Amino acid sequence: MEAGKMSKSTTKIVSGYQSAAPDRLLLAAAGRTHVCLKGRRDGIPRAERHPGIGRWLLAAVEDPLSAEEEWEGAGLTYVPCGGLFTAIRVPGFLVHAAVQSREPAKVDAFLADALAGGPVIASPGLSRYYVLVPAGAAQRWRHSGMECLPNRTLLAVPAMTLTTYRPGVHYWSVLPETPGGLCSLGRVDALTRYGQRRWAEGRR
């Protein structure tokens, strides 16, 4: 089934900022000294609390069983954008500027707060972060240097068990909260603008 013609599924959008969120909210996230347990609430991993998360992600591929085998074998499969969700590709240096740190655990905790638990995939080397957003976002996103992936673009999606940084491996910087849980464009907009400003300040 083509990515652009997949059946629609209910999508839950995490409530977010208006386009210009107060800096104090992002500063609070950046200034936290604790590191949350990745993808856990009350000690229970999200993937175990909501086993349907993986099934929901793989509903966008033509052969979910083969994709699941790729998760189990290589820890990675490719999911086409445009059916259930798409992704905004944010440069790692902007994310690190917002957090004022390159330490993966701190970055992951910051993103979980700033994006209200919306899902994020980190690329190998942390050079890019892919923020999962509603499928129709490509028509509304207009930030230069941060592409919203067009329909049918294949997105590298790590297995649900990959939730901590390892060199050379894609991993979930923030796991989805629930099946269909995505980031709001308002929060992504606030995060990227804040990162751009902090990065510019660091170059002065």
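Of the 204 residues of the protein chain, 50% count as buried, where buried means under 20% relative accessible area, exposed over 50%, and partly exposed in between, with a 1.4 Å probe and protein chains only. Please note that this is a predicted model, in which local features need pLDDT of at least 70 and side-chain atom pairs count only at pLDDT 80 or more, while totals for chains, interfaces and linings use all residues. Residues are numbered from 1 along each chain as its sequence is written, and side-chain values use heavy atoms, with hydrogens and water left out.

The chain has seven helices and ten strands; these are DSSP runs numbered from the N terminus, with helices being H or I of at least four residues and strands E of at least two. Its accessible surface is about 10,100 Å², and carbon and sulfur atoms account for 50% of that; the areas come from the Shrake-Rupley method with a 1.4 Å probe, and for residues only the protein chains shown count as cover. A contact means heavy atoms within 4.5 Å. Among contacts between residues at least 6 apart in sequence, 77% join residues at least 24 apart.

Which residues have the most contacts inside the largest nonpolar core? They are Leu57, Phe85, Ile88, Leu111, Leu132, Val133 and Leu155, in a core of 53 residues. By nonpolar core I mean a set of buried Ala, Val, Leu, Ile, Met, Phe, Trp, Tyr and Cys residues joined through side-chain atoms within 4.5 Å. Strand β7, residues 128-133, gives the most to this core, with five residues. Phe85 illustrates the arrangement: leaving aside neighbours within four places in sequence, Phe85 is in contact with Trp56, Leu57, Val79, Leu132, Val133, Pro134, Ala135, Leu155 and Leu182.

I come now to the helices, and to α5 in particular. Two packed helices are described by the angle between their axes and the distance between the axes. The buried residues are Gly92, Leu94, Val95, His96, Ala97, Ala98 and Val99.

The axes of α5 (residues 92-99) and α6 (residues 104-114) come within 10 Å and cross at roughly 85°. Here axes are lines fitted to C-alpha atoms, for helices over the stretch in contact, and angles run from 0 to 180 degrees between N-to-C directions. The two helices, α5 and α6, are therefore roughly perpendicular to each other; angles under 35 degrees count as roughly parallel, over 145 as roughly antiparallel, 65 to 115 as roughly perpendicular and the rest as oblique. On the α5 side, Val95, His96, Ala98 and Val99 meet Lys106, Val107, Phe110 and Leu111 of α6. This contact comprises six nonpolar, one polar and one charged residues, with Ala, Val, Leu, Ile, Met, Phe, Trp, Tyr, Cys and Pro counted as nonpolar, Asp, Glu, Lys and Arg as charged, and the others, Gly among them, as polar.

Helix α5 also packs against α7 (residues 185-202), where the axes come within 7 Å and cross at roughly 80°. That makes α5 roughly perpendicular to α7. Phe93, Leu94, Ala97 and Ala98 of α5 make this contact with Leu191, Tyr194, Gly195, Gln196, Arg198 and Trp199 of α7. By class, the residues are seven nonpolar, two polar and one charged.

Gln100, in the loop between α5 and α6, has a phi near 60°, a positive value in a residue other than glycine. Leu126, in the loop between β6 (120-122) and β7, likewise has a positive phi near 60°, and counts as buried at 5% relative accessibility.

Leu58 is in helix α3 (residues 52-58) and has 4% relative accessibility. Beyond four places in sequence, Leu58 touches Pro64, Ala67, Glu68, Trp71 and Thr77. Ala67, in helix α4 (residues 64-74), has 5% relative accessibility, and its contacts on that basis are Leu58, Val61 and Thr77. Cys81 lies in the loop between β4 (76-80) and β5 (86-91), at 0% relative accessibility.
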